[in-house]
Amino acid sequence: MMETMEFEVLGKKDTRSGFGEGLLEIGKQNKDVVALCADLTGSLKMNAFQNEFPERFFQAGIAEANMMGMAAGMTIGGKIPFTGTFANFSTGRVYDQIRQSIAYSKKNVKICASHAGLTLGEDGATHQILEDIGMMKMLPNMTVIVPADFNQTKQATMAIAAHEGPVYLRFGRPSVPIFVKPDANFQIGKADVLIEGSDVTIIACGHLVWKSIEAAQELAKKGISAEVINMHTIKPLDEQAVLQSVAKTKCVVTAEEHMINGGLGDSIAQVLTRNNPAPQEYVGVNDTFGESGTPAELMTKYGIDTRDVIAAAERVIQRK
Amino acid sequence: MENNELARIASQVRRDIVRMVSAVSSGHPGGSLGCADFLTMLYFDQMKHNPNAFSMDGEGEDLFFLSNGHISPVWYSVLARAGYFSTEELATFRKISSRLQGHPSTDKNVPGVRMASGSLGQGLSVGIGAALTKKLNQDDTLVYTLHGDGELQEGQIWEAAMYAAANKVDNLIATIDYNGRQIDGDVDDVLTLGDLSKKWQAFGWEVLEMNGHDFVDMRTTFAKAKSLIGNEKPIVIVMSTEMGQGVDYMMGTHKWHGVAPNDEQLADALNQLEETLGDY
């Protein structure tokens, strides 16, 4: 089992750059792809698309509600709009526009959200949204994807263009290790079992997947065999993957850069309570706003770092 | 279509409206009655559209978006009378499992409806988006939107107004139902719009004004609006209407914005509206 834990780190990059590359690539492949941005083209890494396809790029200005409505309208006639702004302005600020004009109306809009969570860093809590996954997964018709690294974000960006229906794609600002192969086949709704184990299941999304890999490597040194699952699609959830793993390990840790309320962990708990109740520990932000600081400082202070995943795993094993 | 023919259709549409809302003791008759002439003119005389083969994408067709979704009764009646679906279906309005939801929805695939509306202020953005796609597709048909005047209090409208002017969205004709009334009272008392035409002008729009109950004036104004298509400016028609138009006791007040008539009031209303095409 130990040899499966050797992960080749292919470098380190921000996931938003994966979005930028994916958008450019899918723009080349599909002329119906259009992009809208609310005055954050550089931050979202959308410049390459803008330069290559100026006629298919729409600068909305600092007017996110209008951007979401326009994106919904652009689907009528066959376009596939990708909207880009920070996660806070992609969700909370425009919840009703998404709810009525996109989700309820079943419009083929791809809501692409950067700078999610605490690791946006020094800008502080006004911009550090930790509720977006919850808001988006509650909407009927919405698919919610949180890719783990640069390569997976690029692959997911391209995959959602081929998926009919509204999608929320969440990524971030910090550079995180790349471990997904550049030629990996990203499948919406299909979890990746990264490490097989027998004592505890760790299910994570976003860059907490890498933290969970690190945790599993540390746990192995203590003789604990942890299974690590990259749950990049939170909705629709790969329930089979959850149930198969927990049937074996009998306990689970969930890890995410999001509020515990309403996040990935909640979705996992729901699957387990309905099918096969098991002890669960949550690594996430516990009902508090963030603050200014470096990403590393914030992850430590708010309890979403590697050591927190390790501690949660040790706790949950005791509860079996 | 001749103006007297349009007037006959509008009279039947008004009967449909009061019967629909009365049947379920809910819905919004005031604004619906006020826009009956406009929507009749639009669907029976002005728009290039295909009621018998509705497609969501509407390529090669003019598109209409109702932004003030609460006046769904008038839209449903006009759609049915134009042939999008059977007039019998109007009897299902607001009832369980109906395609004719209280506010318009695409959820159950009702022909003619391309976007949910009800939460106000969103339809202009949607219309602009659809107009942008028409340009990308080199489709020279038009996009029409309708908005309540109270709805203009929503900030998103002005985000959209700014965008359309800045980006020369000149294949769009927005119309404002300027009846001066909203649920809580007169618009001037609730939150005045000031000089509405000047506001749109200041936002860079081509502004036309018309009487929404005068088919001659509407015909002239639509012709003028269409002549301005492609002039690098979005177009708005500020349309004067009377909330409750056609039913005397509903006119001159905001009180029938969202209240349905009882049986006695319904009979009174129907006495004032000629049955021209047969009730559903």
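Guide: Helices here are DSSP runs of H or I with at least four residues, and strands are runs of E with at least two, both numbered from the N terminus. The model we are looking at is predicted.

Visitor: Where is Pro236(A) found?

Guide: Pro236(A) sits in the loop of chain A between strand E12 (233–235) and helix H9 (239–249).

Visitor: What makes the peptide bond that joins Lys235(A) and Pro236(A) a cis one?

Guide: Its omega: the angle is about 0°, and the bond is cis. Most peptide bonds are trans.

Visitor: What is the phi of Asp39(A)?

Guide: Phi of Asp39(A) is near 65°, a positive value in a residue other than glycine. Most residues other than glycine have a negative phi. Asp39(A) is in a loop as well, between strand E2 (33–37) and helix H2 (47–52) of chain A.

Visitor: Let's turn to the two chains together. Why is H3(A) called oblique to H5(B)?

Guide: Helix H3 (residues 64–74) of chain A and helix H5 (residues 123–136) of chain B pack at about 45°, and their axes are 6 Å apart. Angles under 35 degrees count as roughly parallel, and 65 to 115 as roughly perpendicular. The angle falls between those ranges, so H3(A) is oblique to H5(B). The crossing of this pair is right-handed.

Visitor: Which residues make that contact?

Guide: From H3(A) they include Asn66(A), Gly69(A) and Met70(A), and from H5(B) they include Ser125(B), Ile128(B) and Leu132(B). By class, the contact of H3(A) with H5(B) has eight nonpolar, seven polar and no charged residues.

Visitor: How many residues does each chain give to the contact between chain A and chain B?

Guide: Chain B gives 30 residues and chain A gives 23. On the side of chain B that touches chain A, H5 and helix H6 (155–166) each supply at least two residues. The largest share of that side, ten residues, belongs to H5(B). The side of chain B consists of eleven nonpolar, twelve polar and seven charged residues.

Visitor: Back within chain A, what makes H8(A) oblique to H12(A)?

Guide: The axes of helix H8 (residues 208–221) and helix H12 (residues 306–318) of chain A come within 8 Å and cross at roughly 55°. The angle lies between the two, so H8(A) is oblique to H12(A). This crossing, too, is described by a hand: it is right-handed. Among the residues that meet are Lys211(A) and Leu219(A) in H8(A), and Val309(A) and Ala313(A) in H12(A). The contact divides into five nonpolar, two polar and three charged residues.

Technical notes. Residues numbered from 1 in each chain as written. Chains lettered and ligands numbered in written order. Predicted model: local features only at pLDDT ≥ 70, side-chain atom pairs only at ≥ 80, totals over all residues. Axes fitted to C-alpha atoms, helices over the stretch in contact; angles between N-to-C directions. Parallel < 35°, antiparallel > 145°, perpendicular 65-115°, else oblique. Left-handed = near helix turned anticlockwise from the far one by under 90°. Contact = placed C-beta atoms within 7 Å. Nonpolar A, V, L, I, M, F, W, Y, C, P; charged D, E, K, R; others polar.
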